[in-house]
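Trainee: I would like to learn how to read surface patches and pockets. Could we work through an example?

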Amino acid sequence: MKSDISEMLNEKFSETAARTQLESIMENLSTVSDSLQWVKTLQDTGMTESLKGLVYLIANLRSVLTEDMLNGIASMLNSILEILSKVSDPQVVEGLVSLLDGISSGKLSKEPRIHGTFSLLGELKDPEVEAGLAVAINMLKGLGKIGKH
């Protein structure tokens, strides 16, 4: 190993290919520095080991899975991502959280009080109840179609 870094740099600068590479590194020093910082962060947080494991998993799966299997997995992942994008809509999230909160706290079972057929018919006139009932009926239709196959 060279004892003096300037001697090592001079030797590398005398080689055309190495000189071009070193010039490229020096011209992109901020990018190199940012990349090294990112790698350092990954290493400090333990993510490098996780990423290595993922790479090994993917490499092993690639050797085991057929092209059709990979296409099927890709199709499923696309479907899952599509569902997640719809579920992540803030209005949908707010509605689901409100619904789950109402169910778990028991608030949804307290109001309105249904005491018989006439109070039920009265509640059916509420526009929100009408809309909710239409959604529920359409969901049941969809489940019925799926169940027929």
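Mentor: We can. Keep in mind that this is a predicted model. Start with the nonpolar surface patch: the element with the largest share of the patch is α6, with 5 residues.

Trainee: Which residues make the nonpolar surface patch?

Mentor: Ile83, Val87, Val92, Leu96, Leu99, Leu100, Ile103 and Leu108 make the patch, and its area is about 700 Å².

Trainee: Where is Leu108 found?

Mentor: Leu108 sits in the loop between α6 and α7 (117-123).

Trainee: Why is Leu108 called partly exposed?

Mentor: The general idea is a scale of relative accessible area, on which buried means under 20%, exposed means over 50%, and partly exposed is in between. Leu108 has a relative accessible area of 49%, so Leu108 counts as partly exposed.

Trainee: Now the largest pocket. Which residues line it?

Mentor: The lining consists of Gly95, Ser98, Leu99, Leu108, Glu128, Gly132, Leu133, Val135 and Ala136. Two or more lining residues come from α6, and two or more from α8 (127-148). The largest share belongs to α8, with 5 residues.

Trainee: How much space lies in the largest pocket?

Mentor: The pocket holds about 330 Å³ of space.

Trainee: How do the residues of the lining divide into nonpolar, polar and charged?

Mentor: For such a tally, Gly counts as polar and Ala as nonpolar. Here the lining has 5 nonpolar residues, 3 polar and 1 charged.

Methods
Residues are numbered from 1 along each chain as its sequence is written. This is a predicted model: local features need pLDDT of at least 70, side-chain atom pairs count only at pLDDT 80 or more; totals for chains, interfaces and linings use all residues. Side-chain values use heavy atoms; hydrogens and water are left out. Patches are made of residues with over 30% relative accessible area and no salt bridge: like charges are joined within 9 Å, nonpolar side chains (Val, Leu, Ile, Met, Phe, Trp, Tyr) within 5 Å. Accessible areas come from the Shrake-Rupley method with a 1.4 Å probe; for residues, only the protein chains shown count as cover. A salt bridge is a side-chain nitrogen of Lys or Arg within 4 Å of a carboxyl oxygen of Asp or Glu. Helices (H or I, at least four residues) and strands (E, at least two) are DSSP runs, numbered from the N terminus. Buried means under 20% relative accessible area, exposed over 50%, partly exposed in between (1.4 Å probe, protein chains only). On a 1 Å grid over the protein atoms alone, a cavity is a set of points where a 1.4 Å probe fits but cannot get out, and a pocket is an open set with protein on both sides within 12 Å along at least five of seven lines; lining residues have an atom within 4 Å of a point. Grid points are joined across faces, edges and corners, and a volume is the space filled by probe spheres set on the points.
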